Amino acid sequence: MASPLIMENGNIKGLSKETKHGRTAHNMSSSSLRKKSDLTLVSKVPFACLRKLLANLQEVLLGTKLSVLFPAIPLAVIATYCGFGTSWVFALSLLGLTPLAERMTFLTEQIAYYTGPTVGGLLNATFGNTTELLIAILALIKQKVDVVKYSLLGSILSNLLLVLGTSLFCGGIVNLSKEQKFERKQSDVNSLLLLMALLCQSLPLMFQYVGKSSIATDEATLLFSRVTSIVMLIAYLAYLVFQLWTHRQLFDAPEEDDVNNDEVSEEAPVIGFWSGFVWLALMTALTALLSEYVVNTIEVVSESWGIPVGFISIIMLPIAGNATEHAGAIVFAFKNKLDISLGVSLGSATQIAMFVVPLTVIVAWIIGIKMDLNFNLLETCSLAMSILITAFTLQDGTSHYLKGMVLMLCYIIISACFFVFRAQTTDQVVNLGINSSTEGMLRI
């Protein structure tokens with residue numbers, strides 16, 4: 001397909017892929033998991049409407065290397081209504097969310113072919129972390145505020161330490177003989193916004209230590225969190241303007257010139273404009289359904305597996321939700337394209353910290369649930385250290401496998417911390433109840 005032409009300063013110039021539909025690092029990372037669909041059989045169908053429907057089905061359901069996980073979606077529904085164990089429902093729902101996240105990125109990119117780079121970027125900013133947002137909102141509706149905070153915090157930690165760390169480690173091992181460099185300007189912007197998000201979460205925590213714990217302090221914390229959330233959303237809108245208009249060149253993903261033969265060509269859209277919207281709505285509905293299954297079963301699974309709810313929310317849920325981004329970031333790290341890997345991990349962490357978290361607080365405010373930005377001392381300290389370690393890791397614009405290994409080990413340390421702490425807390429509560437019962441019996 002010939003490249004469109006535009007006029008620039010009186011000269012004809014070819015339009016690049018990024019300029020045509022605004023491909024970001026997140027889009028390119030997801031595209032590494034796609035594959036070509038063979039439409040030979042579909043093209044022989046005599047009826048045009050049926051042929052178009054079958055072509056869309058093949059592109060959406062079979063156009064990804066994660067298509068083998070799609071059967072987990074109906075199996076999760078069957079497990080729910082046939083009375084299977086909650087562990088099966090939980091595990092199948094997590095598996096089903098993985099291909100849905102990749103397909104939603106694919107569909108937003110397809111729509112961006114028709115709407116242009118700006119609207120495409122806004123769609124990606126809205127649907128980039130749909131899984132985390134839906135899980136948070138559904139948990140809010142069921143008044144599981146702790147699950148909301150844990151899952152959002154865990155997603156940020158997973159992107160900063162696990163996704164980025166694995167990418168730098170794998171890229172460093174494969175490219176031992178090459179110098180690995182990346183553009184610092186993009187990482188500096190994301191680090192700045194992450195530090196702002198950390199400030200907004202640290203100050204409500206300080207309220208509990210500056211003043212006495214009281215109802216007035218709790219109300220002040222809640223009010224401050226809501227005001228700060230509005231400020232964070234304004235900052236995120238400014239970030240979108242910075243990313244999509246004024247400084248777009250810092251965030252545009254570089255051209256990929258070594259695409260594998262089995263990967264899909266990005267020269268033209270493969271589904272129609274309205275078809276893309278219909279499929280996007282369907283994928284969003286399926287994501288909401290599986291997210292509801294996860295929220296409903298998480299506490300029961302915690303008891304049956306003997307794993308703390310905090311550990312499941314902070315560690316297990318984000319690993320499943322970020323699996324697509326994780327795989328894509330590693331693929332481009334193998335190719336020594338760290339700008340894309342950094343754009344995926346840091347961009348997603350920034351989106352959650354500056355958009356999903358404050359939006360969740362506002363939604364909780366609207367539906368009458370008291371959720372603030374106080375993520376407790378241990379959680380906030382873990383976030384602070386993760387942001388600082390990541391910022392120091394990226395400060396010189398170069399990378400090697402040791403940096404990635406350190407980030408991965410930090411993630412393991414934090415995972416062990418939450419597992420041991422929550423388990424210890426649970427044991428203390430149980431022992432306290434046993435001791436209280438024993439004392440009562442002795443008094444009798």
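User: A disulfide is a pair of cysteine sulfur atoms within 2.5 Å; how many disulfides does a search of the whole structure find?

Analyst: This is a predicted model, in which local features need pLDDT of at least 70, side-chain atom pairs count only at pLDDT 80 or more, and totals for chains, interfaces and linings use all residues. Residues are numbered from 1 along each chain as its sequence is written, while side-chain values use heavy atoms, with hydrogens and water left out. For disulfides, a search of the whole structure returns a count of 0.

User: Is Cys82 buried or exposed, and into which class does Cys381 fall?

Analyst: Buried means under 20% relative accessible area, exposed over 50%, and partly exposed in between (1.4 Å probe, protein chains only). Cys82 has a relative accessible area of 52%, so Cys82 is exposed. The value for Cys381 is 38%, so Cys381 is partly exposed.

User: What distance does helix 14 reach from its first C-alpha to its last?

Analyst: Helices (H or I, at least four residues) and strands (E, at least two) are DSSP runs numbered from the N terminus, and helix 14 comprises 29 residues, 338-366. The expected span of a helix is 1.5 Å times one less than its number of residues. For helix 14 the expectation is 42 Å, and the model comes close to it at 40 Å.

User: At which residue does helix 14 bend?

Analyst: The bend at a residue is the angle between axes fitted to the seven residues ending there and the seven starting there. In helix 14 this angle is about 35°, and the residue is Ile352.

User: How many residues of helix 14 are buried, and which residue with a positive phi follows the helix?

Analyst: Helix 14 is largely enclosed by the rest of the structure, because 25 of its 29 residues are buried. After helix 14 comes a residue with a positive phi near 85°, namely Gly368.

User: Which residue meets Lys149 in a salt bridge?

Analyst: A salt bridge is a side-chain nitrogen of Lys or Arg within 4 Å of a carboxyl oxygen of Asp or Glu, and the whole structure has 4 of them. The N to O distance for Lys149 is 2.9 Å, and its partner is Asp372. This pair joins parts of the chain 223 residues apart, with Lys149 in helix 8 (residues 145-174) and its partner in the loop between helix 14 and helix 15 (377-393). Lys149 is buried at 12% relative accessibility, as is, at 16%, Asp372.

User: How far apart are the closest N and O atoms of Arg103 and Glu102?

Analyst: Arg103 and Glu102 are both buried. They form a salt bridge, and the closest N and O atoms are separated by 2.7 Å.

User: Which residue pairs with Asp396 in a salt bridge?

Analyst: Asp396 is partly exposed, with 43% relative accessibility. Its partner, 2.8 Å away from N to O, is Lys403.

Definitions and conventions:
A disulfide is a pair of cysteine sulfur atoms within 2.5 Å.
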